[in-house]
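Reader: I have a sequence and a fold to look at. Can you take me through them, one point at a time?

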Amino acid sequence: MYVGTLSFDLLLGDVRSLKEKRSVVRPIVAELHRTYAVSVAEVGEQDLHRRATIGLAVVAGDTGHLTDVLDRCERLVAARPEVELLSVRRRVHGDHDD
């Protein structure tokens, strides 16, 4: 069993309030969950209206499938025109990790 995680640091475009921020972040979170069946949530920067941190986790039986899903999720977020992807942190944990 392998567990992969991604942490996206995002700069939001023309957002002036936390309400506008939610209207940008929620569709991204929902699309990731719906399209790739991953666990995903906004996990940081909740009090800043132009920044967001989205965390994502996926479990797979082999590293090939895990890497494929993580790559697709990263491309989906990077392709969103309303956000600028500042950084992505990727981690893969396997049975050999203690």
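**Contacts, sheet and helix**

Author: A polar contact of 2.7 Å joins the side chains of Asp 9 and Arg 51. The model is a predicted one.

Reader: Is Asp 9 buried or exposed?

Author: Asp 9 is found in strand 1. Leaving aside residues up to four places away in sequence, Asp 9 touches Arg 51, Ala 52, Thr 53, Glu 84, Leu 85, Leu 86 and Ser 87. The cut-off for a buried residue is under 20% relative accessible area. Asp 9 has 19% relative accessibility, so Asp 9 counts as buried.

Reader: What is the order of the strands in the sheet?

Author: Strands of a sheet pair through backbone hydrogen bonds, either parallel or antiparallel. Here the pairing is antiparallel, and the sheet is an open one of 4 strands in the order 2-3-1-4.

Reader: Which strands stand at the edges?

Author: The order of the open sheet is 2-3-1-4. Each edge strand has a single partner strand, so one side of each is left without a neighbour in the sheet; the edges are strand 2 (39–44) and strand 4.

Reader: How many bridges join strand 1 to strand 3?

Author: These two strands run antiparallel. The number of bridges joining strand 1 to strand 3 is 10.

Reader: And over how many bridges do strand 1 and strand 4 pair?

Author: Thr 5 stands opposite Arg 91 in strand 4. Strand 1 and strand 4 pair in the antiparallel sense, and the number of bridges is 11.

Reader: Which residue in the turn between strand 2 and strand 3 has a positive phi?

Author: Strand 2 and strand 3 pair in the antiparallel sense over 5 bridges, and the bridge partner of Ser 39 in strand 3 is Ala 57. The two strands form a hairpin with 6 residues between them. Most residues other than glycine have a negative phi. The residue in this turn with a positive phi, about 60 degrees, is Glu 45.

Reader: What is the phi of Ala 37?

Author: Ala 37 has its place in the loop between helix 1 and strand 2. At 67% relative accessibility, Ala 37 counts as exposed. Its phi is positive in a residue other than glycine, near 55 degrees.

Reader: How many of the residues of strand 3 are buried?

Author: Strand 3 is largely enclosed by the rest of the structure.

Reader: Why do the buried residues of helix 2 line one face of the helix?

Author: An α-helix has 3.6 residues a turn, so residues three or four places apart point the same way. In helix 2, the buried residues are Leu 66, Val 69, Leu 70, Cys 73, Leu 76 and Val 77. Seen down the axis of helix 2, they line one face because they fall within an arc of 125 degrees.

Reader: Which elements do those buried residues of helix 2 pack against?

Author: Helix 2 lies across strand 1, strand 3 and strand 4, and runs at about 10 degrees to strand 1. Its buried residues pack against strand 1 (2–12), helix 1 (18–36), strand 3 (51–60) and strand 4 (83–94).

Reader: Which backbone nitrogen does a side-chain oxygen of Asp 62 reach at the start of helix 2?

Author: Helix 2 covers residues 63–78 and has 16 residues. From its first C-alpha to its last it reaches 22 Å, close to the 22 Å expected at 1.5 Å a residue. At the start of helix 2, the side-chain oxygen of Asp 62 comes to within 3.1 Å of the backbone nitrogen of Gly 64.

Reader: What distance separates the C-alpha atoms of Arg 16 and His 49?

Author: Arg 16 is found in the loop between strand 1 and helix 1, and is exposed with a relative accessible area of 61%. The side chain of Arg 16 makes a polar contact of 3.1 Å with the side chain of Asp 14. Arg 16 and His 49 are 33 residues apart along the chain, and their C-alpha atoms are separated by 6.5 Å.

Key
Residues are numbered from 1 along each chain as its sequence is written. This is a predicted model: local features need pLDDT of at least 70, side-chain atom pairs count only at pLDDT 80 or more; totals for chains, interfaces and linings use all residues. Side-chain values use heavy atoms; hydrogens and water are left out. The expected span of a helix is 1.5 Å times one less than its number of residues. Buried means under 20% relative accessible area, exposed over 50%, partly exposed in between (1.4 Å probe, protein chains only). The arc is that of the directions from the helix axis to the C-beta atoms. Contact means heavy atoms within 4.5 Å. A polar contact is a pair of N or O atoms within 3.5 Å; within protein, one must be able to donate a hydrogen and the other to accept it, and residues adjacent in sequence count only if both atoms are side-chain atoms. Two strands pair if DSSP finds at least two bridges between them. Axes are lines fitted to C-alpha atoms, for helices over the stretch in contact, and angles run from 0 to 180 degrees between N-to-C directions.
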